[in-house]
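Student: I would like to work through the aromatic pairs and the strand pairing of this structure with you, one step at a time. Could we begin once the model is in view?

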Amino acid sequence: MTKHYEVIVAGAGSMGMAAGYYLARQGVKVLLIDSYNPPHDQGSHFGETRIIRHAYGEGREYVPLALRAQELWNELEKKSHLKIFSQVGAMGFGPKGNAPFIDEAIDSGKEYNLNVEELSGAEMKERFPGLNVPDDYNAFFEPDSGFLFSENAIQSYKELALHHGAEVSFNNPVTDIEAYEDSVKVITENAEFTSDKLILSAGSWNGKLTEKLGLDLPLYPTRQPVAWFEANDELFNTNAFPTFMVEVPNGDSRAIYYGFPTFDGCGLKIGRHDYEDHIDPDTMNREFGSDENDEGHIREFLDQFMPEASGALKKGVICMYTRTPDGHFIIDKHPEHPHISIAAACSGHGYKFASVIGEILSQLALTGETDHDISIFKLDRPSLKNLVK
C-alpha cells in the first residue's frame with residue numbers, strides 16, 4: 001500500500017532537512033527522502049564548514065534573511081549536542097574602486113547598521129599579520145560573523161526532525177514525480193509515496209526533478225575544488241584569523257576566493273568561488289587534482305596574499321554549486337502546481353541561509369505564503385522569467 005503524508009521533502013540536505021524539522025515540530029506528518037544518508041559527501045553541504053556573513057556582497061536584499069538565519073542557527077545550537085556556529089568574524093578585501101563585491105558588502109552593512117569596520121589594506125595587515133595585502137586595497141571586518149559546522153547542522157536538524165515524528169527514506173533516489181490537482185506521487189527506487197504537498201530541495205539534482213514536472217529551469221551545476229593547507233598556526237588559528245572573501249583582478253574580470261582559519265589541526269581551508277564550467281552531478285569527476293587548476297589557482301592566491309598559509313596540501317575535495325544566470329536563488333511555488341515548492345540553485349552562497357530557507361519552505365508548504373520577502377527569488381523575476389520553460 002502506498003503511504004500518504006501531508007508533506008514530502010525530496011532532497012534532505014541543508015534546506016530540506018531544516019524544512020522537515022520545522023514542519024515536524026508543528027505536528028505535520030512529513031517524509032524526508034534523499035538519494036544518500038545525510039549528511040553525506042555527494043552534494044553541496046559537506047566539507048565541515050560554511051561561512052556565515054551578515055553584510056552581503058551579493059546584494060543587500062539578503063541581509064534580513066542572513067540575520068534571521070543567524071537567529072535560527074543560534075536556536076539550533078541550544079537544542080543540539082553538536083557545535084553549530086563559531087564566531088571568528090568575517091573579512092573581505094579587494095582593489096579599491098575595482099571590487100564591487102567588497103563595496104556592496106560594506107554598503108549593505110551601513111544600510112542595516114551592522115557592526116562592520118571599513119579598513120584599508122594597510123590596516124588589515126596590521127590587524128592580521130598573516131595577510132600580504134596592498135596598502136591601498138579596500139577592506140572590511142565584521143566581528144559578529146564567522147562559520148557554521150555544516151554537517152553538524154544537518155545532523156542536528158535530522159535528529160530533531162525524527163524526535164518530532166518525521167519519517168525518512170534515505171539511500172532511496174527519486175526516479176519520477178507525478179503531480180495531480182491536489183496531491184503528488186513520488187516514485188523512488190524502493191517505494192512509492194503520496195502527499196498533499198511537496199518540497200523540492202535536491203541541490204544539483206533539482207533540474208532533473210523539475211523536468212519531471214514539466215518545468216525546465218536554467219540551473220547549472222558546477223564543479224568546485226576546495227583544499228586545506230598547512231598554515232602558521234599562530235597567525236591563522238580561530239583566535240587570530242577570521243573567515244574571508246577576497247576579490248582580485250583576473251585578466252579582464254575578477255576572481256573571488258573564500259576561506260577559513262585553521263582549528264584542531266585541520267589547516268587553512270580555501271576555495272575559489274567563480275568556477276562556472278557546467279557538469280552533470282551524476283558523472284562529475286570527483287577526484288581532486290585531476291585538473292591542475294584544482295590546486296594551482298588556490299596556491300597562486302595563497303602565495304600572493306597569505307604566504308604563511310601556503311604550506312603542504314593536507315586534503316582536497318570536490319564540491320558542487322548549482323548556479324542561476326543572475327546568481328540569485330530560486331525559492332518559489334511551481335507555476336502550475338502551487339502545492340509544490342522549490343528551493344534551488346543557491347549559486348555557491350546559500351548554505352548560511354539554510355535555516356531560514358527551511359523556515360520559508362515550511363511556511364509555503366502549510367499556507368502558500370511566507371513571512372519573509374522572497375521576491376528576489378521568484379521564478380518570474382525579470383532576469384529569469386524568459387529562461388523558465
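Student: Which residue in β14 does Phe 93 stand opposite?

Tutor: Keep in mind that this is a predicted model. Strand β5 covers residues 90-95, and it is joined to strand β14, residues 243-250, by 4 bridges in a parallel arrangement. Within β14, the residue that stands opposite Phe 93 is Val 246.

Student: In β7, what is the bridge partner of Met 91?

Tutor: Strand β5 is also joined to β7, here by 6 bridges, and these two strands run antiparallel. Strand β5 is mostly covered, with 6 of its 6 residues buried. The bridge partner of Met 91 in β7 is Phe 141.

Student: Why is the ring pair of Phe 128 and Phe 141 described as it is, and what is the term for its geometry?

Tutor: Phe 128 lies in the loop between α4 (121-127) and β7 (137-142), whereas Phe 141 belongs to strand β7 itself, so the pair ties together parts that are 13 residues apart in sequence. Both Phe 128 and Phe 141 are buried. Their ring centres are 5.5 Å apart and their planes stand at 65 degrees, and because planes over 60 degrees apart fall into this class, the pair is edge-to-face.

Student: How are the rings of Tyr 21 and Tyr 22 arranged?

Tutor: This question concerns aromatic pairs, of which a search of the whole structure finds 29. Tyr 21 and Tyr 22 are both buried. Their ring centres lie 5.0 Å apart with the planes at 50 degrees, so the pair is tilted.

Student: At what distance from the ring centre does Lys 315 lie over the face of Trp 228?

Tutor: A related arrangement involves Lys 29, whose charged end sits over the ring of Tyr 5, 5.4 Å from its centre. For Lys 315, which lies over the face of Trp 228, the distance from the ring centre is 4.2 Å.

Technical notes:
Residues numbered from 1 in each chain as written. Predicted model: local features only at pLDDT ≥ 70, side-chain atom pairs only at ≥ 80, totals over all residues. Heavy atoms only, no water. Phe/Tyr/Trp six-rings, centres within 6.5 Å; stacked < 30°, edge-to-face > 60°. Buried < 20%, exposed > 50% of the residue type's maximum accessible area, 1.4 Å probe, protein only. Lys NZ or Arg CZ within 6 Å of the ring centre and 35° of its normal. Pairing = 2+ DSSP bridges.
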